[in-house]
Amino acid sequence: MDFVLALHSHLPYVLNHGRWPHGSDWICEAAIDTYLPLLAALHRLQAEAVPAPITLGITPVLANQFESPVFAAELEAYFAQRLATCTEAEASLASTGDQHLLPLAHYWRGHFTELRTLFRRVEGNLAAAFHRLEDQGCIELFSSAATHGFLPLLARDESIRLQLGLGRAEHRRIFGRDPDGLWLPECAYRPRGPWAPLPQAPRSGIRRGIEEHVADAGFRYFFVDSHVAAAGHAFRLYGAEGGFAAEGEVKHSPYRAYRVAGARGATPVSVLVRDPVSSKQVWSRQTGYPGDEWYLEFHKIRWPGGLKYWRVSAPGSDLGQKRPYEPARARERVGDHANHFVGLLAHIAEERGGPAPRRFGGLKGGGVWPLRRQPAENLIAVPFDTELFGHWWHEGVEFLAQVYRSLATEPRITPATARDHLGQAPPGRGIHLVTGSWGAGGDFSMWLNPATEWTWPRLWAIEARFWDLAGSALESPSHRPVLAQAAREMLLAMASDWQFIISTGAVTDYAIRRFTEHCADAEFLLTALAPDSPALPAAQARAAELWRRDHVFPNVLEAVHAALSGSRTMTV
């Protein structure tokens, strides 16, 4: 039975929008906590000749930041700050009666130094580093919508085509090949049908299904939560810990890929379904591995400095009762949990699919594998946010490495990329998906609710204005730079992150500021694109300023032209 681990890496554009607490420090923290440790683990497994065919998604907006010299400079400054914190902590702990925590200050110094060495070794370009791993046959990279826009709630089909088409084009530009797979932002899907998310939404008639846009963009597969495929119940990934968020009839098995009915592209589009059993074991702090008493406590931080010295400790203990972190004991638990997880996968394989011959050779040049007869249930797919591993769960990256080491001796499970699995076992059975996401409740309520409802009419008005003006602006050399930056600002305003942050109630002011800022800039630029507008010279100057600030998607106008080349009407 094949095991496909998909990691979805995404952050909104934060460069040139301040540092702390949610400017460039946001991406720098994610790089130190997750992206660099993951890269280091993949390098170690490669050196050990242990196959770790992770299917790694990097959103285009994150990939643009990875290759930016601004990011490289910001991360160097962040490393310097972290190491200075370690120096200060060593002096402070020795003088405040907390000498017992000194080994942990040394631990963090070694950790940061090792990661900074790796970052310099890859010349400050994480996109290029992951690209090399794919070229060497170690992993598969796949893409997403350009800025992680919440596709089912966008008002114009042109906007959906722009998000997907630009996402594919940027992946090709940065990583050198077309992606096979797509991460639907928030795993959000809606089928063909009427569209009226709010009473004030534009009249649309019948809208095309998301899978039709995916097929048109040339993607071969995407992932959904199990309830969207009627293969399980909605799990509270973005809600309260534990339990299921929604009920519904279970009609299909999550342990196989399906051909998506309704996707009418030249290449069939497949859907891989999240396994609710194994993914819950990894995700849940309440009932899964991350809540183990020996793992690093995420929420307790020592100030000044911001280092973490404590472990989860006894279940339910408050922050004052946390015990000092012991890295050696945590590593022991990582091995125990990795073996337990692989045992769980093997149990699923025995129960649902039976044993499968091993076929993954690991590195590039291992030859072409012959097609083999597949049982009806032949796949365990587990998609996660990459930041779960390392950031939210400090030991999570090493857990993944240990899982692959354990899988190397488990004959019942074959680790594979999504591309390899679908190449070996193309799905024949079609499936109709239902509306949903992997948000709390399994629906769209994390992004459309009383707290965020105001954002959508403003965004819809920008969409309408943009697409009404885009055709003529593309034909005018003086208007094209303004149109290009208006497209970037509109795309950045579309990021699903802003509504999500507002809904969680955390740093709401930041999300509101970023959303309204990008909307206001897009609106100003679009006003200047109207025929005979006197604002054009001012807009040209403003577009140049914004290009220096929001330096993403250099070929955005090509994607705008392609989006316009499709059907210009919202109805079909």
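# Rings, charges and helices in a predicted model

The charged end of R311 sits over the ring of W294, 4.0 Å from the ring centre. A charge counts as sitting over a ring if NZ of Lys or CZ of Arg is within 6 Å of the ring centre and within 35 degrees of the ring normal. R207 has its charged end over the ring of W195, at 4.8 Å from the centre.

This is a predicted model, in which local features need pLDDT of at least 70 and side-chain atom pairs count only at pLDDT 80 or more, while totals for chains, interfaces and linings use all residues. Residues are numbered from 1 along each chain as its sequence is written, and side-chain values use heavy atoms, with hydrogens and water left out.

Rings can also pair with rings. A search of the whole structure finds 32 aromatic pairs. Rings of Phe, Tyr and Trp (its six-membered ring) pair if their centres lie within 6.5 Å; planes under 30 degrees apart count as stacked, over 60 as edge-to-face and the rest as tilted. The ring centres of W454 and F515 are 5.6 Å apart and the planes stand at 85°, so this pair is edge-to-face. It links distant parts of the chain, 61 residues apart: W454 is in the loop between β14 (430-431) and α12 (455-474), and F515 is in helix α15 (residues 508-528). Helices (H or I, at least four residues) and strands (E, at least two) are DSSP runs, numbered from the N terminus.

Are these two residues buried or exposed? Buried means under 20% relative accessible area, exposed over 50%, and partly exposed in between (1.4 Å probe, protein chains only). W454 is partly exposed at 37%, whereas F515 is buried at 0%.

W498 and Y510 form another edge-to-face pair, because their ring centres are 6.2 Å apart and their planes are at 65°. This pair also links distant parts of the chain, with W498 in helix α14 (residues 497-504) and Y510 in helix α15, 12 residues apart. W498 is buried, with a relative accessible area of 1%, and Y510 is buried at 8%. Elsewhere, ring pairs link several residues into a cluster, among them F3, Y289, F341 and W393.

Helix α15 also holds T516, which is partly exposed with a relative accessible area of 24%. From C-alpha to C-alpha, T516 and V397 are 36 Å apart in space, and they are 119 residues apart in sequence.

The next topic is helix packing. Two packed helices are described by the angle between their axes and the distance between the axes. Axes are lines fitted to C-alpha atoms, for helices over the stretch in contact, and angles run from 0 to 180 degrees between N-to-C directions. Helix α1 (residues 24-47) and helix α10 (residues 396-407) have axes that come within 9 Å and cross at roughly 25°. α1 and α10 are therefore roughly parallel to each other. Angles under 35 degrees count as roughly parallel, over 145 as roughly antiparallel, 65 to 115 as roughly perpendicular and the rest as oblique. Helix α9 (residues 327-353) packs with α10 at an angle of about 50°, the axes being 8 Å apart. That makes α9 oblique to α10.

Finally, E158 lies in helix α6 (residues 157-175). E158 counts as buried, at 1% relative accessibility.
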